Amino acid sequence: MKTTPEHNQRIAKMTFASVYPHYITKVEKKGRTKAELHEVIEWLTGYTTVQLEELITNKVTFETFFKQANIHPNAQLITGVICGYRIEDIDNMLTQQVRYLDKLVDELARGRKMEKILRKAK
């Protein structure tokens, strides 16, 4: 799916620190924990809790956040629609990676089992 250059630029310049509190609120409101959120983020990006806190403190942009991340090889198994976009059809890699994270947070908040969220091999 084609995203506009403006849309991609807006996502790239958004800070992870500005979105992170919304992730926490979303999952905790549905009975999940901050630790589970961190597990999901670590699976996708390779960042530990300590590294996440440092990235938040430094107010890194999503562009920097994902450039420094070690994206999980099974991330391409994250499919579906998020924010009106079919994830697997997004043509901008950074925008797609941000939507991967959004989708995982949504799945966590909806009560999906961690094994399914983390796309564990069968």
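Student: How many helices and strands does the chain have?
Tutor: In this predicted model, the elements read along the sequence follow the pattern α-α-α-α-α-β-β-α-α. Counted by type, the chain has seven helices and two strands.

Student: What radius of gyration does the chain have, and what would a compact globule with 122 residues have?
Tutor: Along its principal axes, the C-alpha trace spans about 35 × 35 × 25 Å. For 122 residues, a compact globule would have a radius of gyration near 14 Å, and the value for the chain agrees with this, because it is 14 Å.

Student: Which residues of helix α1 are buried, and where do they lie when seen down the axis of the helix?
Tutor: Helix α1 covers residues 5–13, and its buried residues are H7, N8, I11 and A12. Seen down the axis of α1, these fall within an arc of 135°, so they line one face of the helix.

Student: Which exposed residues does α1 carry on the face turned away from its buried side?
Tutor: Exposed here means over 50% relative accessible area, whereas buried means under 20%. On the face of α1 that is turned away from the buried side, the exposed residues are P5, E6 and R10.

Student: Which elements do the buried residues of α1 pack against?
Tutor: The buried residues in question are H7, N8, I11 and A12. Their packing partners are α5 (62–67), β2 (85–86) and α6 (93–109).

Student: What share of the contacts with a separation of 6 or more comes from residues 24 or more positions apart?
Tutor: Contact here means heavy atoms within 4.5 Å. Among the contacts in the chain with a separation of 6 or more, residues 24 or more positions apart account for 68%.

How values were computed
Residues are numbered from 1 along each chain as its sequence is written. This is a predicted model: local features need pLDDT of at least 70, side-chain atom pairs count only at pLDDT 80 or more; totals for chains, interfaces and linings use all residues. Side-chain values use heavy atoms; hydrogens and water are left out. Helices (H or I, at least four residues) and strands (E, at least two) are DSSP runs, numbered from the N terminus. The radius of gyration is taken over C-alpha atoms; the globule rule is 2.2 Å times the number of residues to the power 0.38. Buried means under 20% relative accessible area, exposed over 50%, partly exposed in between (1.4 Å probe, protein chains only). The arc is that of the directions from the helix axis to the C-beta atoms.
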